[in-house]
Amino acid sequence: MNFLLSDEQVMVTDTLRSLLRDACDPRQVHDIIDRHDGFDAELWQRLVDLGVPGLMLPAEMGGAGLEMIDLALVAELLGEFAAPVPFLGHVLCGLGIRLCGTPDQQARWLPALVSGSILGTVALGEGEECWLPDEWQVTAGDRLSGGKRLVPNAMAADLMLVGTRQGLALVEKGNWTARRREGVDRTRSLEDVTFHEASVALLDRVPEGVTRLIDAAAILLAADAFGGASRCVALATDYAKLREQFGQPIGSFQGLKHQLANMALSVEPGRGLYWYAAHTWDALPGKAGHAAAQAKAHLCDAYLQAARDMVEAFGGIGFTWEHDAHIYLKRAMFDWAWLGSPVRHRLRAAQLAGW
Amino acid sequence: MELGFGAAYEAFRAEVRTFIAAHWPPADGNVKDPAAIRAFRDACTAQGYYARAVPRRYGGSEQPADIVKAEIIREEIRRADAPAEVRDGGITLLIPTLLEWGTEAQRQRFISPTLKGDYRWAQGFSEPGAGSDLASLRTRAVLVDDHWVINGQKIWSSYAHRAHYMFALVRTEPEAPKHEGISYLLIDLRQPGVTIRPLRQMTDQSEFCEVFFDDARTPADWIVGGRGQGWRITRTTLKHERGSLSGLSWTDSMLRGLIRLAREMRRDGQPAIDHPTIRAELAAIEAQSMALTYSTYRAISMTVHGQEPGLFSTMAKIASTDLAQRIAKLARDLLADDLLVMDGPQRKWIDRFMISLSMSIAGGTSNIQRNIIAERGLGLPREQRAGEA
């Protein structure tokens, strides 16, 4: 057993971490959320230059041919820094094409997604908490009509991978109208889209490929949640060491100490769970659906609670707009609800466990 | 990243499995026969599976430290439902202490019979006035000629009524500062100056005891380490207790039991496990258990590779405790009417519901564990405690 990151993985995460320290400073994140008009294009370009979009895509498409665990480690870091970039939709679009696309579709789209010359996204939700393949009502034939909801970066995207009753389908820019939603999490914008007799290209009908795409989405959200939740623990802890009341750092009071210990206790073991889920996706596919559902449910619940606890630990300043706390709280709300709430994933996990 | 154990370890696993199959269950099928259990454990020690950290000259199997092999042995023993290695206080706490601090005579005298189960040990640490603040203990020992004369009281001493000996912390240097006046003594419990009173627990069973010393005696050279070194010695000993991985297999078997219970019990005319609220909570518990398991695997892997597991290592104990308590709570919900009676079919779950409470107390209370996470894990300022510099 060697349930550890390889030297290369440690190196890649170190590189990415220093990039984010430099290019994703909290002030820049605040700028993006104050402008509220999209993502941080400069940061995204730097991530593209580093090879993030192609991490899991094959070398012949320009990718690095790495695994889900590698991509999940990236997601963790982006979560830790609350990076306002269109990572989630873009990598899921590429992965879906990789899993279900015909050779022609792969050759046409993957290199462009890897190089960042186009932006991809995924349209999974249909409202009323319908996110999953067996709930999709949108029908694709020669043409595509209907609506999808809560699509990340739909206005900026060039290519959209749409979940339909016929499997995954590709729609190019210009074939949908997008309505901007007032997203709670301003680091990842959401739009509702409508298709009217849109020109569409169906991918191969590979049900297990669609399932694997959903599992990948769950794992990436879980990893983002772990990164964000760990940051909440760190921010609250650092503050408790600095802030003084009654003539001493508030972190020396046992009440707060125990709150912070409980936060760490509900967050830190989650690392093993999301690693495991990513590892099953790569190495134990029969267990991936269950593990991914469990990771999404557990980590996203833990993140939202940790973000709430963090606000409490900061006191009044934590409730202000200029503070970082609400960025994480809202990102936690996104991770929690997007793709379905924890309870739904727990019930899925129970079914997959054969209970 | 590799979650399996790798080819070399899988070969070792096969070897362990073959060995167990050849030795257990006993030929006559009587898995309760004490002699057969003992023979099996002796065979495991001879084979190098048990007493791995103990040198051969003291009756151990003297294997190189390998926590992965140790884990494989535990897993295979559990799978075969064969007698596990005895893990009482004498073996997990005293023997490592003697190996680190004891004299050659003490090791020769005590280790081998303890391994064989001929000497059973009670721990004598806590006192009525010294719980979390253990160093304030007041049981005293005075050297009179060639014997220590001991007076005072210990409490929460598990199975002392069945034990032969006690390893105890006592105050031998009353003038020294709090932590420096304590010594680690070995005491024969079967002597006139010792009175042992089992405490009746809320489960109506008796495990822990009060032990009274009234001019009890122990030889001068039954002190482990030097005079006043007891506190230092115990810090290393308690590390053995908190660092053990055995909690994982216990919570794992509790979880499997809980799933069986959810299938057996009924709710709204259907198996309780089909009820969405029960199902979701059961899944949430499973996820918490998975998080603990794979974070432990990560910590093991890091230790094997000489890395420091960091924050997680400060929370292993309380994480198991919290999980056990969450399991107990869902069991309570499942029991419903059966929670009212001790003579019902689910008596063992009523016991477990109560026993889960003791986990947050024994071996360092959960509140003390939270202090450890906060101070050693998160680096928050240490609390000023009376009697500390």
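Predicted model: local features only at pLDDT ≥ 70, side-chain atom pairs only at ≥ 80, totals over all residues.
Student: How do I check the length of helix α11 of chain A, residues 325–337?

Tutor: Count residues, then look at the ends. At 1.5 Å a residue, its 13 residues should span 18 Å, and the end C-alpha atoms lie 19 Å apart, so the two agree.

Student: Which residues of α11(A) are buried?

Tutor: Buried here means under 20% relative accessible area. In α11(A) that goes for A:Ala325, A:His326, A:Ile327, A:Tyr328, A:Arg331, A:Ala332, A:Phe334 and A:Asp335.

Student: And what do the buried residues of α11(A) pack against?

Tutor: Their partners in chain A are the helices α2 (26–35), α4 (68–80), α5 (87–100), α7 (207–242) and α10 (285–314), plus the strand β7 (190–199).

Student: Zooming out, how many helices and strands does chain A have?

Tutor: Chain A has 12 helices and 10 strands. Of its 355 residues, 60% are buried.

Student: What does the radius of gyration of chain A say about a compact globule?

Tutor: Compare it with the value for the chain length. A compact globule of 355 residues would come out near 20 Å, and chain A has 20 Å, so that agrees. Along the principal axes, the C-alpha trace spans about 70 × 45 × 40 Å.

How values were computed. Residues numbered from 1 in each chain as written. Chains lettered and ligands numbered in written order. Heavy atoms only, no water. Helix = DSSP H or I, 4+ residues; strand = E, 2+ residues; numbered from the N terminus. Expected span 1.5 Å × (residues − 1). Buried < 20%, exposed > 50% of the residue type's maximum accessible area, 1.4 Å probe, protein only. Contact = heavy atoms within 4.5 Å. Rg over C-alpha atoms; globule rule 2.2 N^0.38 Å.
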